[in-house]
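Reader: I have a model on the screen and some questions about it. Can we go through a few parts?

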Amino acid sequence: MVRRGTNLDRVGGFNDTVVLDAIRRADGLLSRVEIAAATGLSGQAISNITRRLLEAGLVREAGRQKSTGLGKPRTLLELEPTGQYAVGVHLDPAVVTVVVLDLTGQVVARRRTETPASTDDPDVMIAGIAASVEEVIAAAGAPRERVVGVGIAAPGPIDVDRGVVVDPPNLSAWHLVPLRDALRERTGLPVLLDKDVTAAASAEKWAGGPNGRGSFVFFYLGTGVGAGLVIGDEVVRGSSSNVGEIGHVIVDPDGPLCYCGRRGCVGETSQPRYLVQQAVHAGVLAQGIDIDDRHAVDVAFAELCSQAGAGFGAARDIITALAERIAKVVEDIANLLDLERVVFGGPHWDQLAPFFNEFVRAALVERFLVRSVHPFVVAGTSLGADVGAVGAASLVLDHTFSPNPSVLLLGPVESASAAIQLGSAER
């Protein structure tokens, strides 16, 4: 769905983003005439806007359409990948990933490091993240003046207005950490902070192709679980930007005790440490695994998935039961919101994907209550394990270059400040 522009006066900035968004979302190359038809803008407006975008280095001419014999062949336009760049940081309890995206959403540089086993001093981690940001910008060969900002995807809950990580369950020392401002001070770049699942949903919307269109839930499978939502091509954030906290949906009333005080929450029963414990008790894995050692748990979890994939009975039963618990949660979300698809992703998706087989997929489709009106599609992300970091950078691109109708309601000063909703920094 391409946004429509407006031919009213004094909304040039909005219309520029409408045109840029139309070019970005197109399945193929567009001519100026086709852009005008898609956006509802006049031919003169399109001519002026595309000239500005060309001069700014955000789009480029990409040849001409074949002549139909009815006039001069039309010049085609596409995004200029090197026009702008965005950095994305994904802070996961297990791994920190930093990427650089070009304007088309392609990863041009990345760096992954294990999250330190001891996270008692957030300042140490933040300094390491800042160093990684500088390294990936250098590796990408991106001129610093073309780097529009840094996006951070962090586990919730977060305080977006203050740029603060509040109390993530799997980062016990991170209490009211001002991550946005701390990283801005170290890098000198504008910084945006959002939830990891919201970032992942934004990644699908910006760079995920057909799976990122329309209305869908992105189901995140990592150290914890979460759900990012896109409804009608718009990322849903909720009143405090903490949408997607689904970890406490009960899927097994007789399951393990969660820190919230209840039993059988999907977040607790999806944690690698719980699944490893199950495997040890079932004799699938050897005794003596330290479940408080995150690296040891990750190694053991990989072994469990490997055994399950090879068809070993107890191992396969443990992972299949996990897939069925997750499918139940997805079913409820899809029916509640009348979604078109679920997109699975996150650090553990590649290991778990084989177990979301035809049986689980068929069960999800069968339980979708309006399947006679439209289908429900089960898909895996095409963006790989870096989807959180890609999403963080996508949020920067989205905030900077996607149409934001709210700016039409603001005065000139407010409109300018709202165009890029990032933590302020000297440029």
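Author: Strands (E, at least two residues) and helices (H or I, at least four) are DSSP runs, numbered from the N terminus. This is a predicted model, where local features need pLDDT of at least 70, side-chain atom pairs count only at pLDDT 80 or more, and totals for chains, interfaces and linings use all residues. Residues are numbered from 1 along each chain as its sequence is written, and side-chain values use heavy atoms, with hydrogens and water left out.

Reader: What stands opposite Thr 97 in strand 5?

Author: His 90 does. Strand 4 (residues 85-91) and strand 5 run antiparallel, joined by seven bridges, and form a hairpin with three residues between them.

Reader: And which residue in strand 6 is the bridge partner of Val 98?

Author: Arg 111. Strand 5 and strand 6 (residues 107-114) are also antiparallel, over seven bridges. Their hairpin has four residues between the strands, and Gly 105 there takes a positive phi near 90°.

Reader: How many residues of strand 5 are buried?

Author: Eight of the eight in residues 95-102, so strand 5 is largely enclosed by the rest of the structure. Buried means under 20% relative accessible area (1.4 Å probe, protein chains only).

Reader: Changing topic: is Asp 16 buried or exposed?

Author: Asp 16 counts as buried, at 16% relative accessibility. Asp 16 lies in helix 1 (residues 12-25). Beyond neighbours within four places in sequence, Asp 16 is in contact (heavy atoms within 4.5 Å) with Ile 49, Arg 52 and Leu 53.

Definitions and conventions: Buried < 20%, exposed > 50% of the residue type's maximum accessible area, 1.4 Å probe, protein only. Pairing = 2+ DSSP bridges.
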